[in-house]
Amino acid sequence: MDDILLGLIGLTKAYPGVVANDDVSFDIKRGEVHALLGENGAGKSTLVKMIYGLVKPDSGAMTLNGATYTPTEPRAARASGVAMVFQHFSLFDALTVAENIALGMETPPKPRDLAQQIRNVSENYGLPLDPDRVVGTLSAGERQRVEIIRCLLQNPQLLIMDEPTSVLTPQEVSILFQTLRQLSAEGTAILYISHKLEEIRKLCDNATILRLGKKVATCIPRETTAREMAEMMVGSSFSAPSARARDLGEVALEVKGLSLPAPGAFGTPLRDISFTVRQGEVLGLGGVAGNGQDELLSALSGEQRSPAAMIRMHDVDIGALGPTARRDKGLLTGPEERLGHAAAPDMSLTENAVLTAARRENLLSRGFVNWGRAQSFAEKVIQTFDVRTPGAGTAARALSGGNLQKYVIGREILQQPNVLVVNQPTWGVDAAAAAAIRQALLDLAAQGAAIVVISQDLDELIEISDRFGALNEGRLSAIKPVQGLSIDEIGLMMGGAHDMEVAHA
Amino acid sequence: MIRLEKRPQPSKIWTVMTPVLAVFLTMIIGGVMFAILGKPPLEAIRTIFWDPLFNAQFASYTRPQLLVKAGPLILIAIGLSIGFRAGIWNIGAEGQYIMGAIFGAAAGLAFYPSDSFLIFPLMIMAGAFGGFVWAMIPAILRTAFRTNEILVSLMLVYVAEAVLASVSQNLLRNPEGMGFPGSRNLSQWDASANREIIANSGMHWGVLTAFVAVIFAYVLMTRHIQGFNIRLTGEAPRAARFAGVMPARIVIFCLGLSGMLAGMAGLFEVAGPAGQISIDFNSGYGFTAIIVAFLGRLHPVGILLAGLLMALTYIGGELAQLMLGVPGASIQLFQGMLLFFLLATDVFINFRLRIGQAEAA
């Protein structure tokens, strides 16, 4: 068959202690959108790194256009027509769009020519972008456009996209999909990595599913249900969270007109945020990354103080209290960044238990740490939340992202909070672990805790929240009950309408 | 092809092994250096590392010197190590050491020639206070104006040296000293002398304080929440703020404590081995203690051993100057090499060496 663009034959790659890819073979046809599906740790990243020349396979072979393809480095891959948009952008905030793109090129053209090329590509593919804007002022969606245009300038035959929609609003997602469909119609193949199954059903022609490094199935997403695909990914059927508790108690947390200046040059100021959460209620706060989520969490955790009356718990002003005093009152938080914020990377899990639980779990006597008690609390978290680790003495950074997330969320939940605020509780966590974390949050709410979930995963918010609001540029939309909310309404709440009408008008 | 691979966890073995490896590399390269200088390398190494302890001819003099030199190094390094664990870089212990000596000596001399037994304890407190005050300058500037404590504390060393020169010629000059600069000799005045606790052992009150400081630091860093907060601040500042640690308090605590210990070291020195405040009183203990702190892995027990080792290079170096005529600067070179090799071999704590086929790119 001569319409095969890239063929993978028996690719295998082992790391010490783990086989990341085991005999993976499949073909990508010219002009198709091919989905690569799998849980965290299934080997998707290793596979695309091999295709992009970042990692060399232990055995197996690749062909591109029928010829042997052995990229030794990303530059060689790009020269052969393979381009990749990474999940995390590598852009310099202080430089303009054109300067950033020039930095990634082997031989950048003159600045004026490059700006013209950028304008041409952005018009052709409906990706509105001004080459002279400073990247620090762009939204996440616009930054992604910079990365995409950087790839498109190389006229790739294969474009690899690693979880491109995790930072986008629904409207931005639909723009991206139109661009990808146009590319595919012009003959560019796209390898699309995601675990958002509905998106894959809408966009992709074929799907390859990886589990534990092996190719376990292929399917045609349009003809397969999301549930079937999820079960292929996980290897067993998993349960959706059970119905939520409905009897709400009194108001546990009240935020009234919370306004704070931006913490740094690229931070977001909080503007007049108000909401209440009742006991037993889950409030979901959506929004695209960088619209004040981190800042709101810091304001609630006490890392960032505010005027006392702006944050109240059970009718007591707590805005001026620090994190320790707020924990004493039962307000616990779980930040988004696991390593370095929620946990100290080089400290053991036991030491990381002391980090937030020192006082509530009575781990101190006269200022001295009772390490025995700290260890048994850490072990309780490990056991209750099924954290896969050799023991409580393991350094936090040695845990995989999902396991560490289960640990840091579990650490807060086991402290029996009255109010729990979490940011991106299931970010980068595989489906089974994510379901377990969501269930634990719902159970906690059922026991009478008030819960605020800040997340960019709309499916997650709709699944577990009672009411929904969205952050946009540091402002909070009106808060509406989740029942009866349409995806268009949510998009508008997220402020996604901004900058959209230009595209595909 | 040789390459480095990141370890999933820091290696415990290498944490202990790198100082030993650094000492060996220093010996080897030091030997090469002596050979180039035309001195017999093995003999030079032996004179530095072996003779001070075991040579029948010198050991009775040099062995007590080991504790005399190690005492201040350990005391200062313990204070520095606590700040270093929090990422607070007090480079100016030398200045705090000088100010401690001046404050302590002044407090004693104010009561000359009383023979009250309270004078020596008063001097210790005054010495600690002097070092504390000098360290509070970078601490307050950092917390209030976000200045860099490395630069401020370092520059204050030179200010302290100027103060030292001034007081030894004016304020604290011995009125019976026939106009020579320098204070009265504190070690010859009963009430102020920092005596040996055990005769001819070198064990004076400052050495005892250093040992107590080792135990105190060990308990603080491993058992107490304040020690935990200090380590947390150093390893993950954002996590520390999340845990409720106030960064400003940690800065004040760490700089204050290291200043106090350096000030006490200065007082014990001026009231004992040095005897008097003079223009050239300070001898670089405050800077060498930085090497001691790192060589000891910022761990109290490690610092104890590193302090003794560094004292050995001081004494052995002097001996080598005397016996073999090696230049005085070669000892400083030796100490510098020790830190250099330690930092260089430290990479093995977090990385392992792989020799063989390379990965793509």
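In this predicted model, the axes of helix 11 (residues 349-357) and helix 12 (residues 371-384) of chain A come within 8 Å and cross at roughly 95°. Axes are lines fitted to C-alpha atoms, for helices over the stretch in contact, and angles run from 0 to 180 degrees between N-to-C directions. Helix 11 of chain A is therefore roughly perpendicular to helix 12 of chain A. Angles of 65 to 115 degrees count as roughly perpendicular, under 35 as roughly parallel, over 145 as roughly antiparallel and the rest as oblique. Helices (H or I, at least four residues) and strands (E, at least two) are DSSP runs, numbered from the N terminus.

Helix 11 of chain A contributes A:Leu349, A:Thr350, A:Glu351, A:Ala353, A:Val354 and A:Ala357 to the contact. Helix 12 of chain A supplies A:Trp371, A:Ala374, A:Gln375, A:Phe377, A:Ala378 and A:Ile382. Contact means heavy atoms within 4.5 Å. The residues of this contact comprise 9 nonpolar, 2 polar and 1 charged. Ala, Val, Leu, Ile, Met, Phe, Trp, Tyr, Cys and Pro count as nonpolar, Asp, Glu, Lys and Arg as charged, and the others, Gly among them, as polar.

Residues are numbered from 1 along each chain as its sequence is written, and chains are lettered from A and ligands numbered from 1 in the order in which they are written. Local features need pLDDT of at least 70, side-chain atom pairs count only at pLDDT 80 or more, and totals for chains, interfaces and linings use all residues, while side-chain values use heavy atoms, leaving out hydrogens and water.

The largest nonpolar core holds 162 residues. A nonpolar core is a set of buried Ala, Val, Leu, Ile, Met, Phe, Trp, Tyr and Cys residues joined through side-chain atoms within 4.5 Å. Buried means under 20% relative accessible area, exposed over 50%, partly exposed in between (1.4 Å probe, protein chains only). A:Val354, A:Tyr407, A:Leu441, A:Phe468, B:Ile76, B:Leu232 and B:Ile277 touch the most other members. Helix 11 (residues 247-271) of chain B gives the most to this core, with 13 residues. A second, separate core of 45 residues includes A:Ile148, A:Ile149, A:Ile190 and A:Leu197.

A:Ile437 lies in helix 14 (residues 431-446) of chain A. A:Ile437 is buried, at a relative accessible area of 2%. Beyond neighbours within four places in sequence, A:Ile437 contacts A:Gln405, A:Lys406, A:Ile409, A:Pro425, A:Thr426 and A:Val429.

Chain B is divided into domain 1 (1-39 + 327-361) and domain 2 (62-325); these bounds come from an automatic or database domain assignment. Their C-alpha centres lie 29 Å apart. The contact takes 14 residues from domain 1 of chain B and 13 residues from domain 2 of chain B. In helix 2 (residues 41-49) of chain B, the buried residues are B:Ala44, B:Ile45, B:Thr47, B:Ile48 and B:Phe49. These pack against helix 1 (12-36), helix 3 (51-54), helix 13 (300-324) and helix 14 (329-345) of chain B.

Backbone geometry was also examined. Most residues other than glycine have a negative phi, and most peptide bonds are trans. A cis peptide bond joins B:Tyr112 and B:Pro113, with omega about 5°. B:Pro113 sits in the loop between helix 5 (93-109) and helix 6 (119-145) of chain B. Phi of A:Asp272 is positive, near 50°. A:Asp272 belongs to strand 12 (residues 270-278) of chain A and is exposed at 54% relative accessibility.
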